[in-house]
Number of protein chains: 2
Amino acid sequence: MHDRPPTLADVAQRAGVSYATADRVVNGRGGVSDKTVRSVHAAVSALGYVRNVAAANLSQQRVYRFVAVLPDGSNAFFARMRALFEAAATRMIADRVNLSVETVAAFDPAALRERLETLAKQGVDGIAVVGSDDASTINTIAALRDSGIAVMTLVSEVPGSDRAAYVGIDNTVAGGTVGRLLVLAHGGRSGRILPVVGALTARDHADRLQGLREVVAPEITIAPVIEGRDRQDLVEAGVTQALRADPSITAIYSAGAGNVGLIRVLQALPATTRRPIVVLHELVAHSRRALEAGLIDIIIDQRPEEEVARVIDGLRLLADRRAPILTDPIVPTIYVRENLPPEPQITITGNPQR
Amino acid sequence: MHDRPPTLADVAQRAGVSYATADRVVNGRGGVSDKTVRSVHAAVSALGYVRNVAAANLSQQRVYRFVAVLPDGSNAFFARMRALFEAAATRMIADRVNLSVETVAAFDPAALRERLETLAKQGVDGIAVVGSDDASTINTIAALRDSGIAVMTLVSEVPGSDRAAYVGIDNTVAGGTVGRLLVLAHGGRSGRILPVVGALTARDHADRLQGLREVVAPEITIAPVIEGRDRQDLVEAGVTQALRADPSITAIYSAGAGNVGLIRVLQALPATTRRPIVVLHELVAHSRRALEAGLIDIIIDQRPEEEVARVIDGLRLLADRRAPILTDPIVPTIYVRENLPPEPQITITGNPQR
DNA sequence: CAAAAAATGATTGACGTCTATCATTGCGGC
DNA sequence: GCCGCAATGATAGACGTCAATCATTTTTTG
């Protein structure tokens with residue numbers, strides 16, 4: 001009925017070897033004949049032996065030390081992600097997981113490299129990093145991996161790097177999803193989408209735009225792209241001007257940040273005209289309020305909650321030498337007014353003592 | 001730098017008491033003076049002591065025994081959920097979690113009660129059950145709780161029961177979300193939605209419809225509801241007839257099961273006419289194919305993957321005596337053709353040995 | 001066939017917690 | 001001042017694994 005799970009001692013007995021030998025096999029310490037290795041493995045699978053992780057970690061006094069490296073700045077999305085990491089950190093203390101969040105100057109490969117190397121020296125078990133797509137970062141990640149540190153990329157992939165996993169959305173998919181929804185919303189009628197991005201050179205923004213283009217053509221055309229540098233003021237000015245210049249615009253897709261500026265434009269629109277359909281990225285305080293107020297229609301979100309959970313899970317799996325981690329992509333999620341989740345109550349808590 | 005987390009021995013020392021007394025306090029064994037209790041608690045928070053769950057479980061040889069009770073039948077959604085539970089079960093062996101899935105006759109409170117009582121006798125730590133909204137079930141859940149078994153309701157809430165938590169979507173929210181998307185898709189034009197449900201007496205289906213109604217009025221009207229009993233044949237017949245009878249229908253919302261029938265109708269539609277916008281629930285094999293083929297437009301999904309993960313997490317938190325579990329609702333998720341996740345590769349694995 | 005090398009066995013302490021038992025101390029009541 | 005009881009201390013074994021050490025056996029090699 002409730003037979004306790006088999007232990008390594010059971011395995012040894014069944015294989016007809018000593019505990020020491022069984023241990024040598026399962027922990028790959030070498031110095032065991034092939035025949036014995038096989039018989040131990042046979043016993044393992046016959047009994048369904050699974051290493052008791054709790055006991056293993058206990059014996060090693062293992063304290064996982066993980067660090068999430070996020071870009072600094074006042075970006076609302078990363079502020080939220082930071083809060084999520086910190087909340088997770090407190091929850092994980094009981095599992096001997098020491099998780100900390102650090103920030104590093106955004107768009108600065110040299111600073112990132114330095115920070116990562118410092119972490120490596122301090123003896124960290126795993127790192128989650130918001131990548132940047134350059135050679136320096138790729139090399140740094142490779143070096144970290146070589147020194148046995150688990151590295152995962154988060155939110156933004158580092159193509160060509162041998163990170164253990166990428167946790168984040170596929171931006172082409174996200175753009176395509178927006179495209180499909182806009183096609184639906186136009187209901188077969190023609191239309192014209194105004195795209196707003198941070199910069200066309202930013203890979204994620206470009207990918208989103210690309211995904212959009214693939215889906216909406218040919219019924220719907222795309223107006224010249226506004227590059228808002230993720231700054232509210234520039235976005236505000238750019239959108240205002242574009243709307244004035246082109247009255248045929250039926251929809252706006254903001255693929256980057258600086259949406260406070262966009263929302264201001266929408267608030268200022270005359271109530272008489274039908275406003276364009278508006279889609280933007282990331283559920284944060286201001287976008288939530290805009291959606292609730294009916295200023296925008298759709299928020300497409302990458303669900304930082306799930307990303308954080310996946311990262312922690314993944315880092316732990318990598319730190320234990322367990323099964324390969326699962327790599328399902330994060331699916332960008334659609335919020336409309338009706339399915340908004342309750343406002344998060346997370347307060348940012350520093351460590352009270354150390 | 002990497003000071004190991006404090007142990008209970010550290011706490012005892014700091015509080016100036018013996019290990020035994022510290023243990024009495026943190027485990028609430030009583031027989032300790034108030035003054036001592038306070039000083040131990042002070043030491044706990046001063047040091048930031050957190051019980052090492054791994055060590056605790058190890059010492060108790062704790063094997064969590066959890067059971068998920070799902071309704072039987074050939075329902076694709078529950079088949080998927082079952083597979084997810086089974087996949088999770090294998091992953092959890094290393095954590096000494098014994099998770100099994102059982103089925104019980106659908107819509108049969110007596111059978112459900114009997115099954116639950118049997119489980120209680122067998123000494124289960126936690127149960128996740130797809131509820132049914134009746135007095136018998138409410139009482140059974142109360143009895144389970146009294147005997148110290150953690151109970152969570154899954155997919156379908158049992159209102160008025162004192163389950164520890166409900167993991168599932170709010171069906172009114174789901175219906176409202178569909179409503180909002182349909183309003184968007186009509187782009188200000190009038191329209192007429194054909195609703196298809198299993199039965200109007202089924203609370204979840206009724207809630208979805210209610211959510212829809214609240215959002216779409218007044219521009220969009222709602223045709224008489226088809227009750228398909230979740231059966232393909234009835235759905236097929238009903239929808240065929242309704243479409244023939246009422247050419248003004250611009251959208252179909254299927255809130256229940258039996259969607260294979262609906263999809264057949266859509267396949268049979270003449271290519272000349274513009275087909276209505278179609279929204280239905282739950283991403284399963286046939287709905288996925290229909291979406292990929294462009295026969296339908298939107299799938300609204302309750303994300304059984306996340307539900308399963310939450311259930312397991314919750315049961316574990318309840319079984320350890322840890323912090324109260326988080327009760328964020330599951331947000332119904334929108335899939336269009338572009339953001340479909342990769343097809344799950346889960347194979348249903350029975351336990352090879354016992 | 002002896003010596004060297006490889007493989008295996010046997011055993012031990014540590015990890016942090018839980019549970020139990022028994023010993024000791026302090027204190028109030030009478 | 002002694003009894004009884006409450007509070008506290010001291011200690012030990014168990015949980016399953018890991019990482020050692022040292023002893024013993026088997027195999028290989030020259």
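## Surfaces near the DNA strands

In this predicted model, α4(A) provides the largest share of the surface near DNA strand D, namely 5 residues, where helices (H or I, at least four residues) and strands (E, at least two) are DSSP runs numbered from the N terminus. In total 27 residues lie around DNA strand D, and those that come nearest are Thr7(A), Ala56(A), Ser59(A), Ser18(B) and Thr21(B); a residue is near a molecule or strand if its C-beta atom, placed from the backbone, lies within 6 Å of it. At least two residues of this surface are supplied by each of α1 (8–15), α2 and α4 of chain A and by each of α2 and α4 of chain B. The surface near DNA strand D divides by class into 12 nonpolar, 12 polar and 3 charged residues, with Ala, Val, Leu, Ile, Met, Phe, Trp, Tyr, Cys and Pro counted as nonpolar, Asp, Glu, Lys and Arg as charged, and the others, Gly among them, as polar.

DNA strand C is surrounded by 25 residues, of which Val17(A), Ser18(A), Ser59(A), Thr7(B) and Ser59(B) are the closest. Here α4(B) gives the most to the surface, with 5 residues, and each of α2 (19–26) and α4 of chain A and α2 (19–26) and α4 (53–60) of chain B supplies at least two. By class, the surface near DNA strand C holds 10 nonpolar, 12 polar and 3 charged residues.

## Conventions of the model

Residues are numbered from 1 along each chain as its sequence is written, while chains are lettered from A and ligands numbered from 1 in the order in which they are written. The model is predicted, so that local features need pLDDT of at least 70 and side-chain atom pairs count only at pLDDT 80 or more, whereas totals for chains, interfaces and linings use all residues.

## Relation and contact of the two chains

Chain A is superposed on chain B, with an RMSD of 0.2 Å, by a rotation of 180° with 0.1 Å of shift along its axis; the superposition is by least squares on the C-alpha atoms of residues with pLDDT of at least 70 in both copies. The two copies are therefore related as by a two-fold rotation axis. Within chain A, the residue whose C-alpha comes closest to the rotation axis is Ala185(A), at 2.0 Å. Both copies use the same surface, since 100% of the contact residues of chain A recur in chain B.

Contact between the chains, in the sense of C-beta atoms, placed from the backbone, within 7 Å, links 46 residues of chain A with 46 residues of chain B. On the side of chain A that touches chain B, the elements giving two or more residues are α4 (53–60), α8 (171–186) and β12 (333–335) of chain A, and the largest share, 9 residues, comes from α8(A). That side of chain A comprises 21 nonpolar, 14 polar and 11 charged residues.

## Fold and domains of chain A

Chain A has 13 helices and 12 strands, and its C-alpha atoms fill a box of roughly 85 × 45 × 40 Å, taken along the principal axes. Of its 354 residues, 43% count as buried, a class that requires 20 or more other C-beta atoms within 10 Å of a residue's own, with 12 or fewer for exposed, partly exposed in between, and C-beta atoms placed from the backbone. Among the contacts in chain A with a separation of 6 or more, 71% join residues 24 or more positions apart.

The domain assignment, which is automatic or from a database, divides chain A into domain 1 (8–51), domain 2 (62–168 + 305–330) and domain 3 (171–301). The C-alpha centres of domain 2 and domain 3 of chain A lie 30 Å apart, and their contact takes 6 residues from domain 2 and 7 residues from domain 3.

## Nonpolar core

The largest nonpolar core has 159 residues, and those with the most contacts inside it include Ile127(A), Leu182(A) and Val279(A); such a core is a set of buried Ala, Val, Leu, Ile, Met, Phe, Trp, Tyr and Cys residues joined through C-beta atoms within 7 Å. Apart from its neighbours within four places in sequence, Val279(A) is in contact with Val178(A), Leu181(A), Leu182(A), Tyr253(A), Asp297(A), Ile298(A) and Ile300(A).

## Residues with positive phi

Most residues other than glycine have a negative phi. Arg96(A), in the loop between α5 (76–92) and β2 (97–104) of chain A, has a positive phi near 55°, and counts as buried because 20 C-beta neighbours lie inside 10 Å. Arg229(A), in the loop between β8 (226–227) and α10 (232–245) of chain A, also has a positive phi near 55°, but counts as partly exposed because 16 C-beta neighbours lie inside 10 Å.

Notes
Contact = placed C-beta atoms within 7 Å.
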